[in-house]
Amino acid sequence: MQTTLPAAPPPGFRKAIPVTVKLQVVIRQHSLCAKCGERLGKLDDTQFDHIPAVQLRCWDDEAKDTTPRSNDPEFIFAKHTDCHAKKTFGSSEELTRGDVTEIARTKRIAKDTEEFRRRMLAKLDPDVEVDTPPRRPKKKWPSRSFPKRGKHEKSRSRGSERDSASEG
């Protein structure tokens, strides 16, 4: 039983949103921002947000598009520029992670999971090759000499600091 992880869209995949889809979204929202509820301005000043983000969707090889489709009006929301930036990059006041952070996290986890699966398969089937990262050579800790004391300097011991404090 070998399951495969759903693939993300290929790098560089991004279809432009057609004007008709943008108009359908704005009409569906009654010209109000999906985040703050205030009136949207001109169509050129409005940004359109995919929920879920396009890079977080699964890739369909047969359709050569994401699931759900990248330009499906039901999964696109019109927002002000600053409202869209908060969702994309995260917000410290709302303590939310942005889409950019989630995309990076998802890619990192998928890469780690795939490496783990390869290692487990290699244990079961010795014919499977596994790319093992090269081991770094051990480094010797640098040795540094202790400072030399002159013959006539007093040696420092635990009691000497106390004795000098009581003298003065």
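Lys79 is in contact (heavy atoms within 4.5 Å) with Cys33, Ala34, Lys35, Leu40, Thr46, Gln47, Asp49, Ile51, His84 and Lys87, residues up to four places away in sequence being excluded. The model is a predicted one, in which local features require pLDDT of at least 70 and side-chain atom pairs count only at pLDDT 80 or more, whereas totals for chains, interfaces and linings use all residues. Residues are numbered from 1 along each chain as its sequence is written, and side-chain values use heavy atoms, with hydrogens and water left out.

Lys79 belongs to strand E4; helices (H or I, at least four residues) and strands (E, at least two) are DSSP runs numbered from the N terminus. With a relative accessible area of 5%, Lys79 is buried, where buried denotes under 20% relative accessible area, exposed over 50%, and partly exposed in between (1.4 Å probe, protein chains only). Asp49 likewise counts as buried, at 3% relative accessibility.

The whole structure contains 7 salt bridges, each defined as a side-chain nitrogen of Lys or Arg within 4 Å of a carboxyl oxygen of Asp or Glu. One of them pairs Asp49 with Lys79, the closest N and O atoms lying 3.0 Å apart. Because Asp49 is located in strand E1 and Lys79 in strand E4, this pair ties together parts that are 30 residues apart in sequence.

A further salt bridge is formed by Asp99 and Lys87, with 2.5 Å between the closest N and O atoms. This pair links distant parts of the chain, since Asp99 is in helix H3 (residues 99-124) and Lys87 in helix H2 (residues 81-89), 12 residues apart. Asp99 is buried at 13% relative accessibility. Through shared partners, salt bridges join Asp49, Lys79, Lys87 and Asp99 into one network.

Asp72 and Arg69 also form a salt bridge, their closest N and O atoms being 3.9 Å apart. Within this pair, Asp72 is buried, with a relative accessible area of 15%, while Arg69 is partly exposed at 49%.

Helix H1 spans residues 19-28, and its residues Val21, Val25 and Val26 are buried. Viewed down the axis of H1, the buried residues fall within an arc of 135 degrees and therefore line one face of the helix; the arc is that of the directions from the helix axis to the C-beta atoms. Val19, Thr20 and Ile27, on the other side of H1, are exposed. The cover over the buried residues of H1 includes strand E1 (47-50) and strand E4 (76-79). His30, which follows H1, has a positive phi near 60 degrees.
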